[in-house]
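Colleague: Could you show me how to read helix contacts and helix shape here, one feature at a time?

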Amino acid sequence: MEVSIMEGQIRKASNRDFSHLRALLQSSKKVIPLRKHSFLFQEGMSANELYLILSGKVQVSKICPDGKEMCFRICGSGEIVGELTLFTNDPRYLLTAKVMESGEAAVMDKNELEEQLLVNPTLALEYMRWMSKHARRTQTKFRDLIMNGKKGALYSTLIRLCNSYGVPLEDGSIFIDVSLKNQDLANFCGTTRESVNRMLNALKQEGIISIKRGKITVHDLNYLKTEIQCEDCPADICCIE
């Protein structure tokens, strides 16, 4: 999968912001393969390691007791996974990480990273800033879901996909260069596939989006933003990662 223009810009900015943290993880001598459809870890498993995605894509989600899946983010190259296990008395993974696209990940022992954070103030500050950014991303997602319902959740997900994987076209449309099934979109929205199908069909009929070979093109991004009273958050906050 090619990296889109917007995705590349977000990743470059993100890598600059947290270069020390990523450099530490990259220094790990342990690198593991990521195989599509396999799990990096699952909720409830003992958590002893933190991962830096070197290539490929990993989906981080929460499995509810009723079997419904709530997807929080898609992590690509340069993204860190498993961070919620640090400095806890019960070191278990709180979320599930499933491989969407094969690749590799660097692995660092959780205890080793905790020791580095305790003795390196620069690294600790960077880690706190990184966690704060993730908290802001999560907060905005829940805001859209709670305040705007299912429609708001879908529209905001489409906006985030544009920011993360969007390729601007000559006519002003944005091509989302990632393949997602309607069930995947439903998982991001916390709703059913049938509800997503109806909302996508309505958007297609109005000419807001079009779908070809499983990939979405957004023709009127301003419509989506207006409908959910978008606050125009920075792209590195309003993203799917």
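**Reading helix α4**

Modeller: Let us begin with a contact (heavy atoms within 4.5 Å): Q116, L117 and V119 in α3 meet P121, L123, A124 and Y127 in α4. By class, that contact holds six nonpolar residues, one polar and no charged, where Ala, Val, Leu, Ile, Met, Phe, Trp, Tyr, Cys and Pro count as nonpolar, Asp, Glu, Lys and Arg as charged, and the others, Gly among them, as polar. This is a predicted model, in which local features need pLDDT of at least 70 and side-chain atom pairs count only at pLDDT 80 or more, while totals for chains, interfaces and linings use all residues. Residues are numbered from 1 along each chain as its sequence is written, and side-chain values use heavy atoms, with hydrogens and water left out.

Colleague: At what angle do the axes of α3 and α4 cross?

Modeller: Axes are lines fitted to C-alpha atoms, for helices over the stretch in contact, with angles from 0 to 180 degrees between N-to-C directions. The axes of α3 (residues 110-119) and α4 come within 5 Å and cross at roughly 110°, which means that α3 is roughly perpendicular to α4 (65 to 115 degrees).

Colleague: Where is the kink in α4 centred?

Modeller: The bend at a residue is the angle between axes fitted to the seven residues ending there and the seven starting there. In α4 a kink of about 140° is centred on N148. Helix α4 (residues 121-165) has 45 residues, yet its end C-alpha atoms are only 34 Å apart, short of the 66 Å that a straight helix would reach at 1.5 Å a residue (1.5 Å times one less than the number of residues).

Terms used. Helix = DSSP H or I, 4+ residues; strand = E, 2+ residues; numbered from the N terminus. Parallel < 35°, antiparallel > 145°, perpendicular 65-115°, else oblique.
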